[in-house]
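Open the model in a viewer and follow the stops below. Each one names a selection and then says what is there.

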Amino acid sequence: MLDSNRLRRLEQMPLWDFALAFYSAPNVEDACLTLQDTLGIDVCELLFHGWLSVHGLEALPGPLAKQRKEREVWQREVTQALRHLRRRLKSEAQESASIATLRKTIQQAELQAERENLQRWQIWATENPDDDARLTNCALNSHDVAKWLQDRLHFTELDKDCLCASGARDSISNAWQALATRLDRFESPR
């Protein structure tokens, strides 16, 4: 049975607040961007799983699959489209103040799209959790956090083999470990 105290603590710390605090911790931003750029990991989903884990919870695979598909559409059609445009304008922005202003506006829109996505993850996790069993209790040992995250995000041994061939294995391994270390030591901001 879902621990109501864990759920209550989860509801007291919005996912956005967790994301801001966690992402600003040393090495987390770099780790997230490494996983995003090399593996295509959805950082919003990664943050969602991290948020659940620090509260001793995890999403059940069945209900999660449907939500993941909805969030993937949002990420692809909104967030990634904005990110691609922002990155495309980077060199032009260095030579044009008006393009730099446009790029900054796009960057703000990208951040707002990510915030919206995180809010949708939060609503999914906290609305009627007992009615359709979306979450379950989760107890992690500190040495299991990186593996647990990889499992939640479907990072497989095949992915590791591909990375080994491309030479990115060490940076990926370091990124997972940095995230695991920060999640294990995460304390809610006061």
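Start at the largest pocket: 20 residues line it, and Y23, L33, E110, L111 and E114 lie nearest its centre. A pocket here is an open set of points on a 1 Å grid over the protein atoms alone, where a 1.4 Å probe fits, with protein on both sides within 12 Å along at least five of seven lines; lining residues have an atom within 4 Å of a point. Next, colour the elements that give two or more residues to this lining: α2 (15-23), α3 (28-39), α4 (43-54), α5 (61-88) and α7. Helices are DSSP runs of H or I with at least four residues, and strands are runs of E with at least two, numbered from the N terminus.

This is a predicted model, in which local features need pLDDT of at least 70 and side-chain atom pairs count only at pLDDT 80 or more, while totals for chains, interfaces and linings use all residues. Residues are numbered from 1 along each chain as its sequence is written, and side-chain values use heavy atoms, with hydrogens and water left out.

Now select α7, which supplies the largest share of the pocket lining, 6 residues. Its 30 residues (97-126) should span 44 Å at 1.5 Å a residue, and the end C-alpha atoms are 43 Å apart, which agrees; the expected span is 1.5 Å times one less than the number of residues.

Finally, show the whole protein, which has 11 helices and 2 strands.
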